[in-house]
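Colleague: I am new to this one. Could you show it to me and take me through it?

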Amino acid sequence: MDNKDIHILAIESSCDETAAAVVKNGRFVMSNIISSQIDIHTLYGGVVPEIASRKHIERINQVIEQALSEAGMALNEMDAIAVTYGPGLVGALLVGVAEAKAISFATGIQLIGVHHIEGHICANYIEHTDLEPPFVSLVVSGGHTHLVRVADYGEYEILGRTRDDAAGEAFDKVARAIGLGYPGGPKIDKTAKNGNPEAIDFPRPKVIDEEYDFSFSGLKSAVLNYLNTERMAGREIMVEDVAASFQKAVTDVLVEHSMEALKSFGFKKFAIAGGVASNTALRAAMKEACEINNIELYYPSPVYCTDNAAMIGVAGYYEFIRGVRSDLTLNAVPNLKLGERA
Ligand code: KG4
Ligand code: ZN
């Protein structure tokens, strides 16, 4: 082992994945263990926060041990422990934060609290070793929809965000309404492949005074109204067409806002991130728009789009080399703002 190598043990528990990873020098993932709770939450049609916390506490030690053993490394070889401390479900976050603090206290290894959205953006650094700031990033997940200017490592400016539902949340709610179940995003993605995206003209919502902000609750309501009207009229609902048309409406808005932001800031690099960034229609539409506008598009493999600890290790590395450290007063911050430290 080269003495100059920096190894980060990363922990992520902000929602329903219990995850740990070992990341070397910020870009090389030595292990990435994800214990998903999807099967349990599927029974309830969505994430149940208390169950999520209980499952995290059951699994976290084992997930960390596995991350270290797959990396072939011992705990005392770690230079820092990076942990997601917000935003997310408070009880879920507390499990990861308490675990990281306990390890740091027992071993003396330095602690770094990491912002979950920063992690999602940094997921792009893993497979795109040429990608460096500045660039624009669109983070689209179950809890967040943010258009961000990445000025430098660790320096973010939010250009736009959702006023109501996150993009992934809209996918999940529409999927439930058309009987596809949880989690809705991947199911709509698959179902939409057999549907006609032009079949139903759902709205492309705009926020009047903030050109980069998003709003998806109106679109979700439009889908629910459409379903009610069709059911009342006794007409058969073409689930594939609803999925494809809804997905196209979301995709159009995301592409349009992103291209506007890239053009007005004169940026030529664009990275998408978060669970919805694995959507095949969104990736295809972004590719096409970026080709037309001569913009370089980056996106992570699906495993690094949805929640994972490797992305937290990457973000933790860049915070580490900037000198950022947390102490043992680190707490979970459910509404943590991007670019702020608490
Ligand atoms: O990033 P993530 O794992 O968790 C949050 O930080 O929220 O994102 C999960 C979200 C869910 O809403 C899920 O339905 C959505 O990402 N998602 C997708 C796809 N895969 C996951 N949405 C659309 N198409 C997909 N292929
Ligand atoms: Zn996430």
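This is a predicted model: local features need pLDDT of at least 70, side-chain atom pairs count only at pLDDT 80 or more; totals for chains, interfaces and linings use all residues.

Colleague: How many helices and strands does the protein chain have?

Modeller: The protein chain has 11 helices and 10 strands (DSSP runs numbered from the N terminus, helices being H or I of at least four residues and strands E of at least two).

Colleague: And what box do the C-alpha atoms fill?

Modeller: Along the principal axes, the box is roughly 65 × 45 × 35 Å. The radius of gyration of the protein chain is 20 Å, which agrees with the value near 20 Å for a compact globule of 342 residues (taken over C-alpha atoms, the rule being 2.2 Å times the number of residues to the power 0.38).

Colleague: On to the ligand. Which residues come nearest to ligand 1?

Modeller: Gly 142, Asp 172, Gly 185, Asp 189 and Asn 279 come nearest, out of 18 residues around ligand 1 (a heavy atom within 4 Å).

Colleague: Which polar atoms face ligand 1, and at what distance?

Modeller: A nitrogen atom of ligand 1 lies 3.0 Å from a side-chain N or O atom of Asn 279. An oxygen atom of ligand 1 is 3.2 Å from a side-chain N or O atom of His 116. A polar backbone atom of Asp 307 is 3.0 Å from an oxygen atom of ligand 1.

Colleague: How much of ligand 1 does the protein bury?

Modeller: The protein buries 89% of the 560 Å² that ligand 1 exposes when taken alone (Shrake-Rupley method, 1.4 Å probe). Helix H4 (116–127), helix H5 (167–177) and helix H6 (184–192) each give two or more residues to the shell around ligand 1.

Colleague: New topic: which peptide bonds are cis?

Modeller: The bond from Pro 133 to Pro 134 is cis, with omega near 5°, and Pro 134 is in the loop between H4 and strand S6 (135–140). The bond from Tyr 182 to Pro 183 is also cis, with omega near -10°; Pro 183 lies in the loop between H5 and H6.

Colleague: What about Asn 25: is its phi positive or negative?

Modeller: Phi of Asn 25 is positive, near 50°. Most residues other than glycine have a negative phi. Asn 25 lies in the loop between strand S2 (17–24) and strand S3 (28–36).

Conventions:
Residues are numbered from 1 along each chain as its sequence is written. Chains are lettered from A and ligands numbered from 1 in the order in which they are written. Side-chain values use heavy atoms; hydrogens and water are left out. A polar contact is a pair of N or O atoms within 3.5 Å; within protein, one must be able to donate a hydrogen and the other to accept it, and residues adjacent in sequence count only if both atoms are side-chain atoms.
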